[in-house]
Structure formats: structure tokens, C-alpha cells
Amino acid sequence: MTDQAVGTGGVQLSGHAATKGRFLGRTRELKELRADIERAGLDTIAGRKAPRARVLLIAGRPGSGRTALAEELARQVADRYPHGVLRARLAEPDGTPVPVERAARELLAGLGLPTPAGADEDDLAAALREALAERRAVLLLDDAAGADQVDALLPDTPECLLVAVSAGPLTGISDVRPCTLGGLDTKSALELLTRYTGSVRVTVDPYAAEGLVEVCQGQPAALILAGGWLAVRPKAAVADLVKQLHAEADDAADTPLGRVFRLVHASLPATAARILRLLSLAPAGLVDPHTASALAGCSIDAARTTLDDFVALGLLRAVDSPLPEYEVPACLHPLLRAAAETHERSGDLQLARARMLERTVRLLQSCRAITETDNPQAREKLQGMPRALRFPTPRAAADWLRLRRPALLASARLAVADGELDTLARRLMSQLVRAMVAHFGTQAAAPDLYGVHQLVLDVAERRDLPREKAAALLNLADVDARTGRTAAALARYRAALDAGREANDPYATGRAMESVGGAHLELGDYERAADWYGRALAQRLARDERADAARLYGRIATAHTYAGRYGEAQRHWRAAASWHRKNGDVAAYARALSELGRVQEYAGRPEESLRTCQEAVEWARRAEDARLQAALHLRLADTLEHLGDPAAARLHRGTAERILGEEAVPEDPRPEHDANAYEIRSASAED
């Protein structure tokens, strides 16, 4: 398929004239909105300090220019709000409300603040209100589906301003100042048309131009499409377009935007019209040439040419991004979807969606593979991909992943919601997780990965896949545990254990049992922690997994130490040390001896602790673990002082200082829940 076959066959406009020009009209509305910011609220009139931010509502049907008005208002008052304008969309292109949790994350990210993975709606909304308590900012909430969304995000400070865009009232929020939009005034509407058609056709037939404004009811979106239609037909008169639109008005419930859209759609070449219809499947309404190419089954160059033509026609908006990226206007989405349902078979739509997801999977594979420079298999697989799917450098891949992140996450959500493409959905989510971890790291990507793991769990439960269910539950529980939601983590670890047993998956089962023990340890239930660690140990021993068995002996010892059962703790640390030595792990053996010496000291046996620590120092030296050597010398110093030998204690302190001074000691890379890293939380006299 050639580029020419896909193009609209019209004249390409220079740039995006309709959006890059100055704001048109709405002078009265802007004046009233700015006056509403200053006007005293109900609390002020009643003699009370306003407890919350002023809420301005810009209401109107999609395509009325309500978002453009909100943006212009924010621009005009921005100098009064030094912390900037924070934006969030509260509805998907198809009208589905966006969860408050996701919107709050967007707003917190706009402030440059962390968004804890797995935090719920209430916690994130509270974090947002706390962050805004000491700031002066404008919140622009577009496409609000209801008052509940807005109320949850409303700052508790009168120093902020909230501008909401919605189709209707926000019933339930007090003291909302509404501004309901109609059409543009005739002068502004004609100027908008002129930006597309030039001034000649408007001035030579002003009555026809005014008639077009009337047919479009002054709605900016309809006027933009009409202007784009005229722009690519330089010989067509404005009166011709007015006649055709009158002929289209066969339904009293039809809107001006709907009539102009049908006319524009019907005038496109068949291939371009099909691409346009299929854009209704674009995740989050965000399109790039790869997406359009996969949906339509055409070349990437041809897709980009067509997308640029759609921008000239007012059917798409170019996104301000280093990548070629476009946005489907929300007001056009229902029209595109209706056209797709009318002109395309359901099977063809599903096939197009599958092609788009498959292309996304391959791009994610390429995005991850380029980071594996030392893996010959990954390099070979990368070279086997088409050139158009390969990234020139790891930096280019990371930039693509970052910029396309909203669309990629939306792709995962849509794939799971579809219900009929679960195999593709699982592959997509697997590659998305791996790419994000490769480029951003697990910790930085955790908030996004948490949502992806929840989607994996949804598919696993729907398809009865216990192995994948166990993996998803373990991943979610790990994040819960790291962020202090230990009770929730424990419940998920137990569910993962059940799923692992159902799948007969020894890895998931052992991992879940060990994690259940860790959760009990965190909750202070040391007896149950030791019991669950013991169950995990029995499985590891049965499978002759010696390194894991050695680690679990240490975890059991840690639980007993916390409970003050020092005899049991010493027995298990000796077992851990013995297994580490058999395994040839010198560093782990030294650490186990170190912990044994610590417990002996807690148990009131300083002489034994001294001998054990001295042996541990020698093994730490063999392991070249400078950090552990220094820590052991400091512990020896403390023990010697306790035994009444301050001179020897000073020698050991000096040795520790010398080691720390001479060695570039790295930060301890062990996980925070490593058995050897635990600090003592209780110390009873019970042995």
C-alpha cells in the first residue's frame, strides 16, 4: 500500500493553525470567570474563612470549546499562582470515569512528589490536599464525570483555584461558580473559519459564511471541521458547504458536529476513512504512526502522512512531544466509534485491535532487548526485528517508553477489559513490566507496576490460571509489605500460597510460605513467623535447595532472637553457618557467625561472643567484606569494654576506623528484610 493511496488527497496545511493561533472570543465569559475568583464566597459573607479552594465550573457540550476556555483562563491567572497549573482528565475518551486514585497520582506527579505504589484513593487524595496546603496552584480538571471526582480532589485551602470542565452541573459541591457555554459570537466564529479558508472566501460571500456559523451553531469543533473541509477544496464555495449541511439535517436529535463530521468522513478516500474510523480503538485517544499502521495494516510512513492530513482537517490534534504523537479530540470519539460500528464488521474491529496490541508487544520487546547489550541471544533477536521496530540507542528506547507510558498503560487496561484477547493481554503486560524494570528500575516503576500486576491478577482469575495468579499476588503483596500495608500483604501471601498449591508450583509455594513468615515477623508474631519459616525450610530441604535452606535457618534464628529465645536462636544460627560453609559461601558464613556472636552477647555470654566474633573477622577478611570487618571490630570493642579491657577495645576501634577510611565501602545492597539485617526488637531474659 503506497502513501498516496492512504492520503486524503487534499492540500496539507502548514502547522496546526487552529490551535496555535491566539485564543478567540469568550471575552464576556472570561471576564465573569475572573470576577468569580475575586467575589466573596458564601463562607466569607457569613463571616467565616473559606475552608476550601474556589471552584469554577465551565459547562458545555463536547466541542463547545470548554477546555480551550479553561486553558485560557488558567493562562491569564497563572502569574497569581506561583506553583503552576496542574492538569488531570477525569474521563476516558469513551466517557468512562477515571478513578480518583489515578487522577490524584497525575496531580502529585505534576508537583514532582512521590506516589506510593498501591496507595488507595483516600490516601492519595489526602496526600494531594496536604501537598497543596502550603501552595498556590490552579487545578484544571477536564471532562469531570461527576461531583464526587471533583470533591475528592478539592484542595482544603482558599489559596488554590480549581477549574472544572464538565457537561453538566456539579451538584453536591457548595459555592460552585458555573459558566455555561453556548456558541462563539459571529465575529469570532468567522475569524476561526478564516484561519482555515483564508479571508477571501469569507469576505466575498459574508452571508454564506454567517449561514455556516449558524448551521454549526457557533460550536468551535464543528467550525474547525468545516474550515478543514473547505481548506482542502480551494474551489468550493462556502455556500456549497452550507447546502450540503442543510441536506444532512435529517434527524432532529443530530448535532452540528455530527453533521459536519459525517460530511468530512464521507469525503475522505476509502482507505483514509477506514484509518479514521479505526482511531476509535486508540488507547486513551493517543495515536502514533505505529498505532495507526497496525490498526489499518498499512506502512508506518503512510500512516504518518495520513495522520498529518487529519491534523490539517481538524480531525486530530498534534501532541507537543519529541515523538510524532497525536490525540483524538474527545468530542469526536463517540462519532468515530459510531462510524466504526456502522462501517466495520465486529470481527474486523477485533482483528485491528489484536494487530495494534501485537505491535505494542513487539515494540516493548525491542525496547527491553536493547538494554541487554551483553546477551548474544537478545542481540540476535533484536537484529531479527524489522528496522522500523528497532530503537537506535537505549536512551531512545527509554525516552519512547517514558513518553508513550500513558498509552501503554491504557493499552493494558483496554486489553484486559476486552476479555477476548487475554493471551495478547498477558504477553503485553509481561513485556511492559520487563521493559519498565529494565529502563526505570523496580522501585521507580513500582506505582505503574502495581496497577499492571492487578490487571494480571484479573486475567488469571478470569481464566483460572493459578500459577499466574500466585505470581501476581506475590508481586502485589511485596509492594504492600514494602509500603507498610503488612496486614494486606499477609492476606495476599496466604492467597498466593493457596494458588501455588493449586498449580503445584514449588517455587510459588515456598516463596509464599517464607513471605507469610516475614509478614508475621513484621507484625510482631514471632512464634508464627518461626513456624512458617520452618515450613518453608522443610520444603527447601526436601528439594535439596541448600542455599535457600541456609538462608531460612537464619530467618528462623532471627524470629527466635526477636522473641528472646536465645538458645533456639543460637542453634539455628549455627545450622545456618554450617550450611553456608558447606555451600562454599564464605561471605554468608562470616555473616552467620557475626549474628551468632550478636545473639551470644544478648544471652549474656560475652566470652563466647568474643571468640565467635574473632572467628567471624577472619572469615570476613577472606571474603573481602570490609563493611562486615569494620562492624565486627566495633562489636569486639564493645564486648571488650564490657569485659573490662579498654585498651584492647581502643585497638579494635582504631582498626575499624582504619578499614572504613581506607576502603570505599559501598552501601549494603541486601534487601531490607534480609535475615542478617534485622535489628533486635525485644530482649527478654527467657532462653
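Residues are numbered from 1 along each chain as its sequence is written. Because the model is predicted, local features need pLDDT of at least 70 and side-chain atom pairs count only at pLDDT 80 or more, while totals for chains, interfaces and linings use all residues; side-chain values use heavy atoms, with hydrogens and water left out.

We begin with the sheets. Helices (H or I, at least four residues) and strands (E, at least two) are DSSP runs, numbered from the N terminus, and two strands pair if DSSP finds at least two bridges between them. Strand β2 is joined to β3 (residues 138-144) by 5 bridges in the parallel sense. Within that pairing, Arg89 has Asp142 in β3 as its bridge partner.

Another open sheet has 3 strands in the order β6-β8-β7, and here the pairing is antiparallel. Its edge strands, β6 (286-287) and β7 (317-318), each have a single partner strand, so one side of each is left without a neighbour in the sheet. Strands β6 and β8 (residues 326-327) run antiparallel and are joined by 2 bridges. Leu286 has Glu327 in β8 as its bridge partner.

Next come the side chains. Those of opposite charge can pair when their charged atoms come close. A salt bridge is counted when a side-chain nitrogen of Lys or Arg lies within 4 Å of a carboxyl oxygen of Asp or Glu. The structure holds 53 salt bridges. In one of them, Glu38 meets Arg80 at 2.6 Å, N to O. Glu38 belongs to helix α3 (residues 27-38) and Arg80 to the loop between α5 (66-77) and β2, so the pair ties together parts 42 residues apart in sequence.

Are the partners in such pairs buried or exposed? Buried means under 20% relative accessible area, exposed over 50%, and partly exposed in between (1.4 Å probe, protein chains only). Glu38 is exposed at 53%, whereas Arg80 is partly exposed at 29%.

Asp625 and Arg591 also form a salt bridge, at 3.1 Å, N to O. This pair links the loop between α32 (606-622) and α33 (626-642), where Asp625 lies, to Arg591 in helix α31 (residues 586-602), 34 residues apart. Asp625 is buried at 14%, and Arg591 is buried at 17%.
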